[in-house]
Amino acid sequence: MNPGTTISEDSMTAVETATSRTESLLAQTEQHVAHNYHPLDVIVAEASGATVTDVEGRSYLDFLAGYSATNFGHCHPALIAAAEEQLRRVTLTSRAFHNDQLGPFAAELAALVGKEMVLPMNTGAEAVETAVKVARKWGYQVKGVPDGKAEIIVAAGNFHGRTTTIISFSDDETARAGFGPYTPGFVTVPYGDLAALARAVTPNTVAVLLEPIQGEAGVLIPPAGYLAGVRELTRQAQVLFLADEIQSGLGRTGRTLACEHENVVPDVYLLGKALGGGIVPVSAVVADRDVLGVLQPGQHGSTFGGNPLASAVGRAVVGLLQTGEYQQRAARLGDQLRAGLDQLLGHGVVAVRSRGLWAGIDIDPELATGREICTRLARYGVLAKDTHGSTLRFAPAIVIGEKQLQFGVDQLARVLVDLRRG
Ligand SMILES: *Cc1c(COP(=O)(O)O)cnc(C)c1O
């Protein structure tokens, strides 16, 4: 693989044909796909491992990895094999009937994270919605909260998805404005502030919903002891601790779960993204029987949730994580990434936050927006995504090679030099 290679043939005709292919696809997309995203002008046609190739034959290093949905790399052979094998057997039964993959998937996933039961869904937002329902039901049934009074505490700056209820407790005006009326029952407190959280708890509080590291907010890591404090406080107040590990979980931070960095065991894990290996959407709410057991037939469901194809891929993902190899690799490569990024501090980078192979990089806003940096990085063969303002997020696949990782950091250095030269 040769990241940053431009066009393989240098004949002018080939270049022009290739360019017009990108342009016509961009125009078609612009015209027929709703404008709910603002992608970079690169049209991916193929991908493998940490690399993607566009319709012009140019390859790029993928430093976003599908917002951590492709933690194990594009087209991981073990995951593709599991999917292919299951594709030929049975792909969908609906939950009206059992299938022979769901039970094993649930048992293996629950064992991986140390819980008893799994509620399978498809997307991350659905897992969050599911957890909100389960927590409310648990509050009424187990805690004895008066009907309709359940409160869930969330953190400022959160990102849990974009459905109607979830945006109701978002403070991102772009995601929220114009989509009311909003679902009530949520209380927002500053992220990382244990005292504020303690003040917000009432007898009607059923859950605290948090990302152990806020991804979309810019890979914000809460102060040491915060998650442990949340655990202690919620235990004492008989409140469920729901950890949204949809982006932070499954190897990304160098552990199976980001909560492990603080030796914290929440009541409920929300998983998604990498759980589907980048092949199919798979999400899950994972908890003990005393929590998930509150649901009875008909109270929640999904036609596709727990389907045999998703379950087979999910099992293969769990299989990769059982070895511990990916977690170790993410930790080791994370140290390399961090060392490389730290060298850019004072050279256009004003702050770096990272855990494992997941970094938030604040660029000097005088220099450029995150978007401008990403556009320039793409020209140098690296695809990355900005979050807010001048913050970049680097989260390459865990299978990335050391040289590839260094290449990515070097391209950021190059872009910063270009910008500082003006
Ligand atoms: C991506 C994400 C979600 C939503 O997942 P979708 O699959 O996009 O619905 C929820 N929570 C967190 C922390 C996420 O990163």
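**Exercise 1. The ligand site**

Which polar side-chain atom lies 2.7 Å from an oxygen atom of the ligand? Find the residue, then describe the shell around the ligand.

*Solution.* This is a predicted model: local features need pLDDT of at least 70, side-chain atom pairs count only at pLDDT 80 or more, and totals for chains, interfaces and linings use all residues. Residues are numbered from 1 along each chain as its sequence is written, and side-chain values use heavy atoms, with hydrogens and water left out.

Step 1. The atom belongs to glutamine 247, whose polar side-chain atom sits 2.7 Å from a ligand oxygen. This is a polar contact (a pair of N or O atoms within 3.5 Å; within protein, one must be able to donate a hydrogen and the other to accept it, and residues adjacent in sequence count only if both atoms are side-chain atoms).

Step 2. Look at the backbone next. A polar backbone atom of glycine 124 is 2.8 Å from an oxygen atom of the ligand. For alanine 125, a backbone N or O atom lies 2.8 Å from a ligand oxygen.

Step 3. Check the cover. On its own the ligand has 380 Å² of accessible area, and the protein covers 81% of that. Accessible areas come from the Shrake-Rupley method with a 1.4 Å probe; for residues, only the protein chains shown count as cover.

Step 4. List the shell. The residues around the ligand are Thr123, Gly124, Ala125, Phe159, His160, Gly161, Glu211, Asp244, Ile246, Gln247 and Lys273.

Step 5. Sort by class. The shell has three nonpolar, five polar and three charged residues. Here Ala, Val, Leu, Ile, Met, Phe, Trp, Tyr, Cys and Pro count as nonpolar, Asp, Glu, Lys and Arg as charged, and the others, Gly among them, as polar.

**Exercise 2. One face of α13**

Why do the buried residues of α13 line one face of the helix?

*Solution.* Step 1. Helix α13 spans residues 370-379, and Gly370, Ile373, Cys374, Leu377 and Ala378 are buried in it.

Step 1. Seen down the axis of α13, these buried residues fall within an arc of 140°, so they line one face of the helix. The arc is that of the directions from the helix axis to the C-beta atoms.

Step 2. Name the partners. The buried residues of α13 pack against β3 (59-62), β12 (359-363), β13 (382-383), β14 (385-386), β15 (391-394) and α14 (402-421).

Step 3. Follow the chain onward. Just after α13, glycine 381 takes a positive phi of about 90°.

**Exercise 3. Backbone features in loops**

Which residues other than glycine have a positive phi near 70° or near 65°?

*Solution.* Step 1. Serine 94 has phi near 70°. Serine 94 sits in the loop between α3 (77-87) and α4 (102-113). With a relative accessible area of 25%, serine 94 is partly exposed.

Step 1. Leucine 250 has phi near 65°. Its loop runs between β8 (240-244) and β9 (268-271). Leucine 250 is buried, at 1% relative accessible area.

Step 2. The cis peptide bond joins glycine 180 and proline 181, with omega about 0°. Proline 181 lies in the loop between α7 (173-176) and β6 (186-189).

**Exercise 4. A buried asparagine**

What does the side chain of asparagine 307 reach at 2.8 Å?

*Solution.* Step 1. Asparagine 307 lies in the loop between α10 (289-292) and α11 (308-322).

Step 1. At 10% relative accessibility, the residue counts as buried.

Step 2. The side chain of asparagine 307 reaches the backbone nitrogen of alanine 310.

Step 3. Setting aside residues up to four places away in sequence, asparagine 307 touches Thr91, Leu92 and Asn99.

Notes. Near = heavy atom within 4 Å. Buried < 20%, exposed > 50% of the residue type's maximum accessible area, 1.4 Å probe, protein only. Helix = DSSP H or I, 4+ residues; strand = E, 2+ residues; numbered from the N terminus. Contact = heavy atoms within 4.5 Å.
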